[in-house]
Amino acid sequence: MAKMREAPQLLSEEQVQGIRSQFPILAQEINGKPLCYLDSAASAQKPRAVLDCLAGFYSHDYSNIHRGMHTLSMRATASYEAVRQKIANFIGASSETEIVFSSGTTGAINLVAQTWGRVNVHAGDEILVSELEHHSNIVPWQLLAEEKGAKIVVIPMDDEGDLDQSAYANLLGEKTKLVAVSQVSNALGSINPVKSMCALAHECGAVFLVDGAQSVPHMTIDVVDLDCDFFAFSGHKIYGPTGTGALFGKGELLANMPPWQGGGDMIDQVSFSGTTYNAAPMRFEAGTPNISAVIGMGAAIDWMLDIGLEAIAAHENVLLKLATELIEEIPRIRVIGTAKRKAGVLSFWSDDAHPQDLGTILDQYGVAIRAGHHCAQPVMEHFGVPATARASFAVYNTREDVEQFISALKKSLELFA
Ligand code: C6P
């Protein structure tokens, strides 16, 4: 008999306070109020483990990598390369050679567009992206399509923020070369069924890229189970330093992709009569990388795994549900994005105040949210709003944060009444 999957144990109040206390930045007051940081979808704060790792690396082991025979260079290289294996394990890749370090999700997607895309996408081909994508998963494909004479085809979403799966199936065809979809929408929080979407794309012979910028912080990823061809994410959204991230690419795809940027480390032999290139993943990593930050991203991954990805997700879901219930009681507020499955994000529109004004006034109450189009203008267009206010949750947020946010929101709205 199949074993029932047990619900993850919820983090206790004490555990959450313990986690929160590891973030020095959260211990401050903003405008005389405790900082209530609800902008982790833009970037997550960094725990002491990551800060200490950065300071430790610079204090004891810092050097350039892949270049020196001296002790510091070898130490730095070993620490840096260990993160490649760590990421492979973290997202379920079968080999660390399938992990390319990047500056973030944007860098990773542009890499695919400019290498795999330039070789494989031709005039008349179609690239499918969804209506709820971040600009980072739209514009690189538009640039490629413009250059190649290919066409961008949009997978529509419904008014809840769920992608229309039957429209998707109908849009797929023999012209489809690539499907690029986010696993979690940054503007709506919708969780997209990328595994089944990927299987459909493969039936048509198309390659499937997952934008994992907003999913990696909130769920366990298994790229082998998803069977995606490419998967991109950012280190700064998983409690790591900025300027980091990774691209997973299936080994046989990476092996056949030409280099993108030229420089040190990506070559095999350089001569004026002809240059040969390193094997993947090094072929895609020209120049001195963001060494310390990558090592810090490794510390962030260890830190998340130590808490447990399922426990993190369960805790955030409790907060999201609580915040959604409380905000729905406030008159003249519309939650934007009510998909069946959501993670991390609560976007809303108030008939009484512009999101940007709300963001400014909430800051007076110590509450940090994001207001704007969230680099997802087609989403705003769909819902007929210029912008939304967005509260987003991380493992260090508490029920008190949600209460502080809702109470500050009510007080802010009174000013506009
Ligand atoms: N979204 C947000 O506030 P970078 O900037 O490369 O780390 O990530 C880009 C990106 C790509 N895809 C999705 C789904 C994203 O959410 C983001 C970043 C931030 O929502 C900053 S705009």
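The following questions and answers concern a predicted model.

User: Which residues form the negative surface patch?

Analyst: Asp and Glu count as negative, and a patch takes residues with over 30% relative accessible area. The negative surface patch here is formed by D158, D159, E160 and D164.

User: Is E160 buried, partly exposed or exposed, and what is its relative accessible area?

Analyst: E160 lies in the loop between β6 (151-155) and α6 (165-171). Buried means under 20% relative accessible area and exposed means over 50%, with partly exposed in between. E160 is therefore partly exposed, with a relative accessible area of 37%.

User: How many aromatic pairs are there?

Analyst: Rings of Phe, Tyr and Trp pair if their centres lie within 6.5 Å. By this rule, the count is 12 aromatic pairs.

User: Is the pair of Y58 and Y62 stacked, tilted or edge-to-face?

Analyst: The ring centres of Y58 and Y62 are 5.2 Å apart, and their planes stand at 35°. Planes under 30 degrees apart count as stacked and those over 60 as edge-to-face, the rest being tilted. The pair of Y58 and Y62 is therefore tilted.

User: How many residues apart are Y239 and Y396, which form an aromatic pair?

Analyst: This pair is edge-to-face, with 5.9 Å from centre to centre and 85° between the planes. Y239 is in the loop between β9 (230-234) and β10 (245-249), while Y396 is in the loop between β17 (388-392) and α14 (399-416). The pair links distant parts of the chain, and its residues are 157 residues apart.

User: Which residues make up the cluster linked by ring pairs?

Analyst: Y239 and Y396 are both buried, and both belong to this cluster. Ring pairs link F23, Y37, Y239, W303 and Y396.

Key:
Residues numbered from 1 in each chain as written. Predicted model: local features only at pLDDT ≥ 70, side-chain atom pairs only at ≥ 80, totals over all residues. Heavy atoms only, no water. Patch = residues over 30% accessible without salt bridge, like charges linked within 9 Å, V, L, I, M, F, W, Y side chains within 5 Å. Areas by Shrake-Rupley, 256 points an atom, 1.4 Å probe, with all protein chains shown as cover. Salt bridge = Lys/Arg side-chain N within 4 Å of Asp/Glu carboxyl O. Charge placed at Lys NZ, Arg CZ, Asp CG, Glu CD. Helix = DSSP H or I, 4+ residues; strand = E, 2+ residues; numbered from the N terminus. Buried < 20%, exposed > 50% of the residue type's maximum accessible area, 1.4 Å probe, protein only. Phe/Tyr/Trp six-rings, centres within 6.5 Å; stacked < 30°, edge-to-face > 60°.
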